[in-house]
Amino acid sequence: MTEQFPSPPLSTDKDYAGASFSALYTTTVTVGGGASAHGRASGRARSDDGVLDVSLRMPAELGGDGHGTNPEQLFAAGFAACFHGALSLVARREELDPSGISVAATVAFGRNPADGGYLLRVDLVVGWPGIDPEIAEPLMEQADSLCPYARMTARGTPTTITLAS
């Protein structure tokens, strides 16, 4: 039996007129360091509701054992899911069937040549069988401006860092 899930509403731009940020959903994921006291190498990520509970491991390419997920995989999953949702929404607004859409997010972890620090690069590839590229391109641009992950990577995200008391 296939479980049915309702589609989200089509409204995105007329349901908020506030002057400041208004959270629609908030979650907290806590990472501990595990055996090596290094969250990326041997940590565990747990969401506040317990639904996400995964072991974190360094990928083999970075010297780890690769026997767990890593932050880049989690980020790629979140980005692909978010962009897929945004593109599906704009497709439905245009009365197009979004059921064939797929989004592959490739996240590369590397060094920034400007300062030697770490940097992520993201490439999204949209699969949409049977769609004319001239129809798909403007919809992908709309999804890019709508998707919070795409906005975050293009513009940055307000971030605060505090020490718990």
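Buried means under 20% relative accessible area, exposed means over 50%, and partly exposed lies in between, using a 1.4 Å probe and protein chains only. This is a predicted model, where local features need pLDDT of at least 70, side-chain atom pairs count only at pLDDT 80 or more, and totals for chains, interfaces and linings use all residues. Residues are numbered from 1 along each chain as its sequence is written, and side-chain values use heavy atoms, leaving out hydrogens and water.

**Cysteines**
- A disulfide is a covalent bond between the sulfur atoms of two cysteines.
- Here it is counted as a pair of cysteine sulfur atoms within 2.5 Å.
- The structure holds zero disulfides.
- Cys82 is in none, and its nearest cysteine sulfur, that of Cys147, is 3.5 Å away.
- That distance of 3.5 Å is too far for a bond.
- Cys82 is buried, at 19% relative accessible area.
- Cys147 is buried too, at 0%.

**Helix α2**
- Helices are DSSP runs of H or I with at least four residues, strands are runs of E with at least two, and both are numbered from the N terminus.
- α2 covers residues 71-93, which is 23 residues.
- From first C-alpha to last, α2 reaches 33 Å, close to the 33 Å expected at 1.5 Å a residue.
- That expected span is 1.5 Å times one less than the number of residues.
- After α2 comes Glu95, with a positive phi near 60 degrees.

**His38**
- His38 sits in the loop between β1 (29-32) and α1 (39-42).
- His38 is partly exposed, with 39% relative accessibility.
- His38 touches Gly33 and Gly43 (heavy atoms within 4.5 Å), not counting residues up to four places away in sequence.
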